[in-house]
Amino acid sequence: MPTSPQPPGRRKHPSWRIWTLGLGAVVLALAGTTVAVQSASARQPSHHNRTPHSRPHTSSTPTASATATTTAGPTAAPTATATTATASPTTTTSPAAATPGTTTAPVADVCARTSSATAEVKVTDVKLPTTVKGYGGESDTEVLPVAIASTPGGTSWLAWVGTDEKVHLGQLNCDDQLVGTPVTYDGFDLQDVQADSSGGVLLITRKGDCGTGPLCGGESSPCNTMHMIRFDTTGQQVWDQQVTNLTDSRKGYSDGARFVWWYQHHGRLAYDGTNYAAYFGVAITVKNGNCVDIHEGDRMQVVNASTGNLVSGRGFEVGCSHAWTSRIVYAPAKKDFVTVCATDNDCRIAQPNPYRTVAASTCDGTLFGGDLVLADTGYWTAWSQGGTAKLSHFTTGAADKTVQPGASTQHPHLVKYGADRMLLSWGSGSSTQAQILNRSTGAAIGSPLTLAVKDHNYTAFKEYEDGSVAYPAEGSTTSSVKVARVMPMS
């Protein structure tokens, strides 16, 4: 019997491991490691607090921009090998940008934010020209409403999902105020945005096609596609690369398909100066006799920032299974991307492909990953167990140090803060609490901070070259977003 998944809802029922499986539940061996996978015929137990995805299944054909593939063809089972396909991106004439040519000239500011001996918090309410999709229940099935990215000069790109089911992208100046007119992209869910001197990349989800199946059991799920969208310094699309693998001939219910469904689909981006990597939750279709089972894991794909082509020999098809809170960072010393996941494979925080345990845990429904940042040497990852935040330091595999910073939360956030510090944050009622920590030892620096913004389970702080960090949060109205910035420390 495969290990039951730990769907990351807020469940406290002691019998969370009870999971009703169909005949199609299987255990796959990935690179010599036994990995539990979930059949599509599985039924969520009644104590599972998440509701099915509110967006109905669509049988429409994916758009032309969703035709790039990341595998050479369907496979009988998920593999943990690096991707070797080289796919061309869609052209700049793709209809992904719904309002091309409407932005003003790019922000040319080089921000000079003043540092002080103590951390100061600045909150700016940014008025937007569209309404923002509500936060919902903040479960892994909900749409991520907003994300922010820092530019080399210290300005920002702000992305948000509107109630029009589109992704909007705008520029913020040094005062965190919107300038110009945002660009609108086709996509009903937002995962992340990152920036560089030539523009940046969005990671967004679009509607795809499940096909006919048939499933071995269970109900139909949406079969969506994940895309990296390269934009220039005015926000206009340069290329569009699908990082799932649906095509006109490979639908979601085709053997070997990798797609995005309602369950654990969030992802993050990282940049190495040449390539962008996307790491996200993925659905895995496996043939089982005359029908298919749908399983869940994670996937990492690397795309060249200039060409938009998938980079041969980088990334992996499936890393952790089941997986949630997939996190990624680029490590200059290693000259590679480093990833961690929360997984019910031995119930742990792990490095995938191959599995290496970072922090052991238990499958009681309260295990969640936080964020991943560079330490002086190695890495820090935030995670939680039983509603208590923990910070584990590791280089390769098992953590050599774990500290408890005294935060009561299921969803800790962590970000690099200046040259030798990091900032841990967590929700506290209608506000957000934060603690500055030493990035070498994990020791607390000063007293906790209070940020007058609402926390979100899956939204990320971003670091800026001037030493500040910023967090996008729910605005004062449905047509605004609050940017909470912790100013630089001297």
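Two strands count as paired if DSSP finds at least two bridges between them. In this predicted model, six bridges join strand E5 to strand E6 (residues 166–172), and the two run antiparallel. E5 also pairs with strand E4 (residues 146–150), again in the antiparallel sense, over five bridges. A separate topic below is the open sheet formed by E24, E25, E26 and E27.

**Burial of E5**
- Strand E5 spans residues 156–161, and six of its six residues are buried.
- One side of E5 carries Ser156, Leu158 and Trp160, while the other carries Trp157, Ala159 and Val161; both faces are covered.

**E4 and E5**
- The two strands form a hairpin with five residues between them.
- Gly154, in the turn of this hairpin, has a positive phi of about 105 degrees.
- Across the pairing, Ser156 in E5 stands opposite Ser150.

**E5 and E6**
- E5 and E6 form a hairpin as well, with four residues between them.
- Glu165 lies in the turn and has a positive phi of about 60 degrees.
- Leu169 in E6 stands opposite Ala159, a residue that is buried in E5.

**Sheet E24-E25-E26-E27**
- Four strands make up this open sheet in the order E24-E25-E26-E27, with antiparallel pairing.
- Strands E24 (413–417) and E27 (444–451) are the edge strands, each pairing on one side only.
- From one strand to the next, the twist averages 25 degrees.
- E24 and strand E25 (residues 421–428) run antiparallel and are joined by five bridges.
- Leu423 in E25 is the bridge partner of Val415.

Definitions and conventions. Residues numbered from 1 in each chain as written. Predicted model: local features only at pLDDT ≥ 70, side-chain atom pairs only at ≥ 80, totals over all residues. Heavy atoms only, no water. Buried < 20%, exposed > 50% of the residue type's maximum accessible area, 1.4 Å probe, protein only. Axes fitted to C-alpha atoms, helices over the stretch in contact; angles between N-to-C directions.
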